[in-house]
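I opened my notebook to look up a few things in this structure. Come along and follow the entries with the model on your screen.

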Amino acid sequence: MALLRSFLMRLISTAITLFGVAVIVFVVIRVVPGNPIAMMLPPGATDADIARLQAQYGFDKSIFQQFLIWLGDVVQGDFGTSISLRQPVSELVLNRLPATLELSIMALTIAVLLGGAMALLGTRYRGTKAEGAVDIGAGMALSIPDFLWGLVLILLFGVLWPIFNISGRISPALNIDFSTNFYLFEAILRLRFDVIGDLLGHMLMPALALAIPLAAIIAQLLKQSLKETMHLDYVTLARTRGYSEHSVIIHEALPNAVLPTLTLVGVQFTFLIGGTVIIERLFSYEGLGNMAIDAVINRDLPLIQGIVILFALLFTLVNLVVDMLYVVLNPRLRHA
Amino acid sequence: MKLSRRSLLKTSVAAAAFATVGLPSFAQAIDELVIAYNVTLPSWDPTVGPSAVNPTIQGFYQSVFDLYIPQNPDLSFGKGIITDYGWNDDQSQIWMDVREGVTWHNGDPLTAEDVAWSLTRAGNPDTGNPIQFIWGKVANVKAEGNRVTADVVEYEPTFFKWMSFLTGYVLPKKYYEEVGAEGFEAAPIGSGPYMVEKFERNAFVRLKANENYWGGAPEFKTVTIKFVTDAASRVAEIESGNSHVTLEVPYEEFDRLKAKDGIDGVATPISDIGMIFINDIDVMLDPNVRKAAAHAIDKQLIIDRLLSGYGVAIDTLQTPDYVAYDPSIKVPYDPELSKKLLADSGYSTDKPVKFTIQTTKGFKPKDYEMIQAIVGLWRKVGIEAEIEVYEIAKHYELRAADQLAPMAFYNWGNAVGDPTTSTGFAMFGPSPHSVWDGKETFDMILPLWGEKDEAKRIEGWKKVDAWIAEDAEVIPLLQYVQPILSVSGVKVTPHHSGALLPYLMTRS
């Protein structure tokens, strides 16, 4: 019951958050310099031409009126039409979302595996050179931003030892018609191993670039958390019962130590999704982030609004899921 | 099998060697040409919406669609779908002869009806053609046999030149009416050298050769154009052999890569120029200040130092391959003259004249750095300019509202090379692209818009350019040079418009 109440409260706060984001984005992108109409004026445009274009895109009305019209349409699922791409915004962003989600989930998986492994290694061999190596590795990984990791990876695995594709999401020559835009998931379901290999060949470098800094954060926090847990009485008790150190870490310490890391992973995952904007651009990956940059350059206001709202929705949903998961996993909260 | 440390090391080295050898190499025969392009293609209809007036994507359109009148790589006009054209004696009508035997990508014949429909559609303001202000200058477009005629509503000397420029494409009447705008966007067909096989927005377009192309079948039967907007990634694409051709890489990288075995480079001056707009407000109302600023810039030094020599210094808004280029118009680098001019207006290095100059940063190669260098040169003669960095979108907004700072850096493209589309639109006060409101220039330009005597028209524009240079109403800086890199198996013929056309690429 408490879980349901908590869930409902979070849904309400999500709706309020989204409304706030919508207001801020709508107003901010109209206040910052860069009028989309000015960008599409032909050389011989007259005042009448400018007025016609402004009316055509609804910019002749006040910001408040524009917002009300836009909000009314959004409530009915209509996010408007992109100025530069001349297609419905909802269709465009929903077509791109799967690419970004697949990339983000892949990055998160790598980060959790890599960071978790580093933390366990550092804990198992605490006080040795191995722990020092883990700390140094995590420090280095954290001090370099994801886009620089992207450049390093391109140089290493795209140019010097070209084993991965530098750009795109899938090889143009690959002959496959997808039913959805979740290419990787669909290829796995259809057991198309050639396509899976090709998709991974395109996805691994951007995913790794996104994952490395997050892996370092996970490694540091989980290791610290494990370190504290390892001194608790029940862990000592497990040792006295003759459990191996390996077993003590995995079966006794880890389940308790993982909770703070889980919260952090949830928060960091939203940052990771934000990071896709630059990484997708760098790797010419056809996701939402890449589209967002084009939308900003072209001052495509309806598209910017649609993308930001979708990102905001993603962020709040991820946080919601993490909070719910935390409640489920934490016995004290579960039974409260 | 027991895996020792040594055997693991050996296996790793062998795998690395295999991977290096097994991946794309420059010397391999190229079946499918892969181009890493610097921009993305937003939409396919080349006649409507903002994309239609984006010069950087015309190469995509020209691969799939035919312009009414094509431009040769040197910007001269050729024979295309329209083989011959002209005005009647009193210039009250235009006529165009349409090439026979041309087919659309779906096999339908291309007829004069298609040309007439395309032209009528372009002139209709409801279709959203951004160049309607030109196409609307003819009406009553008719097709008879292979000839198209139209009545002239308002004489426009550059009408036929626009047929080689933005939105000047012939579209298939029957197919477009059948599938509608959305259907055409989803499955575009044209009469150009390549057909669209696959299009992934923001990712790539895969083109298939049109074997029936009237100009001859393209050499490369399949071409993939990947949209790689990041310059570092484009460098990696060509260096790794993942792409066979790329363009617009930093000049330092261009020099480095073309020196490598297996990569060729070609750098060609294109129709884009870099210039500084002068808004006739504040201190810019003083001609001495403007002239001093113009004479204090060592353009060649900037090109040599910042652009590795890739650029052509210019003194008017015409490049050497434009029709109204006049090599006798010069604005020489003369810092002493600048000091004298400033002194005449009461300024010196101790009491400098102050104003703001706006520039983009990273929009064009070394744009910000060039302005920094110019500000440094100005400081030596008594000009203290404050740099304001803005985005290109803000430039458009401020320019349309005539609110640019006293000086503003910009790049201007003019693929048809006519003075109306360079000096005309940039310097004629009422144009939304001009911030110069001086009456003398306005009076000189006004009669040239409709001048029917071509020689007189061009001479008139040269006089305008001479006056503008003398009065320092704008500061032209340089003609840009486009760097193109290709693997050794591919020969690229650059087009001076800046459009990278796969049709002009052959095996070498």
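Predicted model: local features only at pLDDT ≥ 70, side-chain atom pairs only at ≥ 80, totals over all residues.

Entry: Helix H7 of chain A covers residues 146-160, and helix H9 of chain A covers residues 193-229. I looked up how their axes meet: they come within 8 Å and cross at roughly 135 degrees. Angles over 145 would count as roughly antiparallel, and 65 to 115 as roughly perpendicular. H7(A) and H9(A) are therefore oblique to each other. I also noted the hand of the crossing, which is right-handed.

Next I asked myself which residues of H7(A) and H9(A) make the contact. From H7(A) I wrote down Asp146(A), Trp149(A), Gly150(A), Leu153(A), Ile154(A), Phe157(A) and Gly158(A). H9(A) brings Met205(A), Pro206(A), Leu208(A), Ala209(A), Leu210(A), Ile212(A) and Pro213(A). Sorted by class, the contact of H7(A) with H9(A) has 11 nonpolar, two polar and one charged residues.

**Entry: a helix with buried residues.** I moved on to helix H13 of chain A, residues 301-329. H13(A) has 29 residues and reaches 42 Å from its first C-alpha to its last, close to the 42 Å expected at 1.5 Å a residue. Then I looked for buried residues in H13(A) and found, among them, Leu301(A), Pro302(A), Ile307(A), Phe311(A) and Phe315(A).

**Entry: where the chains touch.** How many residues does each chain give to the contact? I found 46 from chain B and 39 from chain A. On the side of chain B that touches chain A, the elements giving two or more residues include helix H1 (5-22), strand S8 (194-200) and helix H13 (392-400) of chain B. The largest share of that side, six residues, comes from H7(B). By class, the residues on that side divide into 20 nonpolar, 14 polar and 12 charged.

**Entry: two positive phi values.** I ended in the loops of chain B. Phi of Glu248(B) is near 50 degrees, a positive value in a residue other than glycine. I found Glu248(B) in the loop between strand S11 (245-247) and helix H8 (251-258) of chain B. Is Glu248(B) buried or exposed? Glu248(B) has 22 C-beta neighbours inside 10 Å, so I put it down as buried.

Phi of Ala472(B) is also positive, near 50 degrees. Ala472(B) sits in the loop between helix H16 (454-471) and strand S17 (474-487) of chain B. With 20 C-beta neighbours inside 10 Å, Ala472(B) counts as buried.

Methods: Residues numbered from 1 in each chain as written. Chains lettered and ligands numbered in written order. Helix = DSSP H or I, 4+ residues; strand = E, 2+ residues; numbered from the N terminus. Expected span 1.5 Å × (residues − 1). Buried ≥ 20, exposed ≤ 12 C-beta atoms within 10 Å, placed from the backbone. Axes fitted to C-alpha atoms, helices over the stretch in contact; angles between N-to-C directions. Parallel < 35°, antiparallel > 145°, perpendicular 65-115°, else oblique. Left-handed = near helix turned anticlockwise from the far one by under 90°. Contact = placed C-beta atoms within 7 Å. Nonpolar A, V, L, I, M, F, W, Y, C, P; charged D, E, K, R; others polar.
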